[in-house]
Amino acid sequence: MEEILQQIANCIEFGKTDKASPYPPDMKGMDGADELTRLALDNGINPSDILSQGLIPGMEKIGIKFRQNKVFVPQVLMSARAMNLAMKHLKPYFRSGEVKRKGTFIIGTVVGDLHDIGKNLVSMMVEGNGWEVIDLGIDVKAEKFIAAVREHTGSVVGLSALLTTTMVNMESIVKHLRDEVPGTRVIIGGAPVTEGFREKIGADFYSSDPQGAVEYLNGLTE
Ligand code: B12
């Protein structure tokens, strides 16, 4: 059992989606995250174990390598794709409640801003670490964040901005969220955002990369 979970973790880390995928070249012809997750379930392995001992360790490893500049955006996207294929098999168990998520994370790129590559990476990494992610997309107004938080009580909000002209919109979104749903935790990120800016606008946490967001969120569950 441990061996197959280790294999799944490797597929996630190295972006081996399925048998047909030629990437990475040294895993060509081998089963990928898709086949191995199905096989693990068919062999009666607990879906929670597949998540916690297969998918999450694989995503953690790629997150750390990305932080250390040992891999880049394309490799992370391949890992995320492998994770999505594995998740497809686990979805029914999430829905039935057999596999519990760590919490809900609502993310969006703030109003006026159309950049979403960084936001998508954060969202995939957080999902791969066992959180339910609600992605509100780009150009998101405060009202939409507020409605989502009301619908998913206790969720944490992530705001992304890539423009100096739109990062200022984070301030009013944080303010509105705090006024409407007191106690909501907000984490912020995006290339122009800094720790000093976080302090200024009173958000709870800033990270320059997805791994920081994962570590902060996981810290909330301890
Ligand atoms: C791709 C791109 C675009 C694409 C976006 C496509 C898309 N689907 O996202 C397009 C062509 C649409 C675009 C448009 C524009 N862009 Co543009 N774009 C870029 C570019 C080249 C890359 C951005 C990117 O994706 N980086 C890669 C990702 C992985 O990095 P990231 O977003 O920073 O995310 C990482 C972290 O910041 C963090 N993170 C991100 N979000 C979050 C959220 C949380 C909660 C956390 C914890 C972490 C986190 O994690 C990510 C992974 O490490 C940058 C230049 C550059 N090299 O950065 C310019 C850039 C951001 N754009 C710029 C500009 C000016 C524009 C335009 C105004 C251009 C124009 N005149 O039309 C428009 C604006 C449109 C709009 N209203 O948003 C400027 C911004 C200048 C500034 N400081 O304000 C830049 C810096 C280019 C430049 N040097 O001038 N752009």
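Analyst: The shell around the ligand divides into 14 nonpolar, 9 polar and 3 charged residues. Here Ala, Val, Leu, Ile, Met, Phe, Trp, Tyr, Cys and Pro count as nonpolar, Asp, Glu, Lys and Arg as charged, and the others, Gly among them, as polar. Please keep in mind that this is a predicted model, in which local features need pLDDT of at least 70 and side-chain atom pairs count only at pLDDT 80 or more, while totals for chains, interfaces and linings use all residues. Residues are numbered from 1 along each chain as its sequence is written, and side-chain values use heavy atoms, with hydrogens and water left out.

Of the 26 residues around the ligand, those that come nearest are L114, H115, D116, S160 and T164; a residue is near a molecule if one of its heavy atoms lies within 4 Å of it. A polar backbone atom of L114 is 2.7 Å from an oxygen atom of the ligand. H115 has a polar side-chain atom 2.7 Å from a ligand nitrogen, and an N or O atom in the side chain of S160 is 2.8 Å from a nitrogen atom of the ligand.

Helix 5 gives the most to this shell, with 4 residues. At least two residues each come from helix 5, strand 3 (156-160), strand 4 (186-189) and helix 10. Helices (H or I, at least four residues) and strands (E, at least two) are DSSP runs, numbered from the N terminus.

Now for the salt bridges. A salt bridge is a side-chain nitrogen of Lys or Arg within 4 Å of a carboxyl oxygen of Asp or Glu, and by this rule there are 11. In one of them, D135 and K119 meet at 2.8 Å, N to O. This pair links strand 2 (residues 132-135), which holds D135, to helix 5 (residues 117-128), which holds K119, 16 residues apart. K119 is buried at 3% relative accessibility, whereas D135 is partly exposed at 35%; buried means under 20% relative accessible area, exposed over 50%, and partly exposed in between (1.4 Å probe, protein chains only).

E215 sits in helix 10 (residues 210-220) and R67 in helix 3 (residues 47-67), 148 residues apart. E215 is partly exposed at 43%, and R67 is partly exposed at 37%.

Notes. A polar contact is a pair of N or O atoms within 3.5 Å; within protein, one must be able to donate a hydrogen and the other to accept it, and residues adjacent in sequence count only if both atoms are side-chain atoms.
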